[in-house]
Amino acid sequence: MLKQFRPSNERSMSRRAFLSASLIGVAAVPANLLVTQTVHAAERTAAALSPQQAFKEIRSDEDAHAAFLVKTLGNAARPKPTFKNLQQQNADTFIQLSQNFENLGVGAYLMAVPAISNKNTLASVGSILPVEARHAGYLNALRGMPLVPDGAFDKPIPQEQIVKDVMPYIANLNGGPDPAKPLQNDTDILNFALLLEYLESSFYDINVPKFYGG
C-alpha cells in the first residue's frame, strides 16, 4: 500500500512548504499551467546563481526526489537500475545532457501525474513537477534557449518517447518493472517516475563532483 510521505530535511521543507501546500487542489488545475507559472522564475535564478551553486542544488533536489518516491512506495519501490553512459567528458556535454534530462522529466510528470488517483499522493508527488520545471527553465536559459520550448503551455511527452530516450542509459533494470508496459495504477506511475529520478540522481552524483566539486 502506498503511504504518504513528507521530506524531513529542513532545507527541503523551507523551500517547498508553500509549494506543497498549494498543490492540495492540484487535481483541479491543469498541470501544464502549473509548469508555465513556475518555470519563468528560472530566468531570475539563472542570473542570480553560478553554475556551481545551481548544479549542487539540482543534484540535492534529484537525490531528494528519488528518496521521496522510495519512501512513498515502500515495499513496492522498484530496485535501482544499473546505468551506463552517464559520465560526461566535459562540462558542455554535461550541461547539454542535463538540459535533456530535465526537460524530459517535466514532460514525463505532465504525462503521469494527472493520472494519479490518490489525492494525497497526487498532492505530494505533484510538488515535484514544478521543481523539475525550475531545473529545466534554468538549463534552457543557461544554454540561451527559450525558458519553455513549447511556449506558454508545456506539453506532456508520451510514455513511448520517454522510454526511447532513457533506455540508452539503462544497462539493467535489476528485476524492476518494464517502463514500456502500460501504467495501470498509482504504483506503476510512481515506479515509472522513480526510474527517471534514479537516472537523474545517478547522473548528477557522477558528474557534479567532477565538474563543480563537492
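The legends below describe close-up views of a predicted model.

Figure 1. Apart from neighbours within four places in sequence, the residues in contact with Ser-98 are Phe-55, Leu-139, Phe-203 and Tyr-204.

**Figure 2. The largest cavity of the model.** The structure contains 2 cavities of 30 Å³ or more, and the largest has a volume of about 40 Å³. Its lining is formed by Phe-101, Leu-104, Gly-105, Leu-196, Leu-199 and Glu-200. Two or more lining residues come from each of the elements α5 and α9, the latter covering residues 186–212. Sorted by class, the lining of the largest cavity comprises 4 nonpolar, 1 polar and 1 charged residues.

**Figure 3. The second largest cavity of the model.** The volume of the second largest cavity is about 30 Å³. The residues that line this cavity are Ala-108, Tyr-109, Ala-112, Ile-189, Phe-192, Ala-193 and Leu-196. At least two of the lining residues are supplied by α5, and at least two by α9. The largest share of the lining, 4 residues, belongs to α9. By class, 7 nonpolar residues line the second largest cavity, with no polar and no charged residues.

**Figure 4. Leu-196 in the linings of both cavities.** Leu-196 is one of the residues lining the largest cavity. Leu-196 is also among the residues that line the second largest cavity.

Conventions. Residues are numbered from 1 along each chain as its sequence is written. This is a predicted model: local features need pLDDT of at least 70, side-chain atom pairs count only at pLDDT 80 or more; totals for chains, interfaces and linings use all residues. Side-chain values use heavy atoms; hydrogens and water are left out. Contact means heavy atoms within 4.5 Å. On a 1 Å grid over the protein atoms alone, a cavity is a set of points where a 1.4 Å probe fits but cannot get out, and a pocket is an open set with protein on both sides within 12 Å along at least five of seven lines; lining residues have an atom within 4 Å of a point. Grid points are joined across faces, edges and corners, and a volume is the space filled by probe spheres set on the points. Ala, Val, Leu, Ile, Met, Phe, Trp, Tyr, Cys and Pro count as nonpolar, Asp, Glu, Lys and Arg as charged, and the others, Gly among them, as polar.
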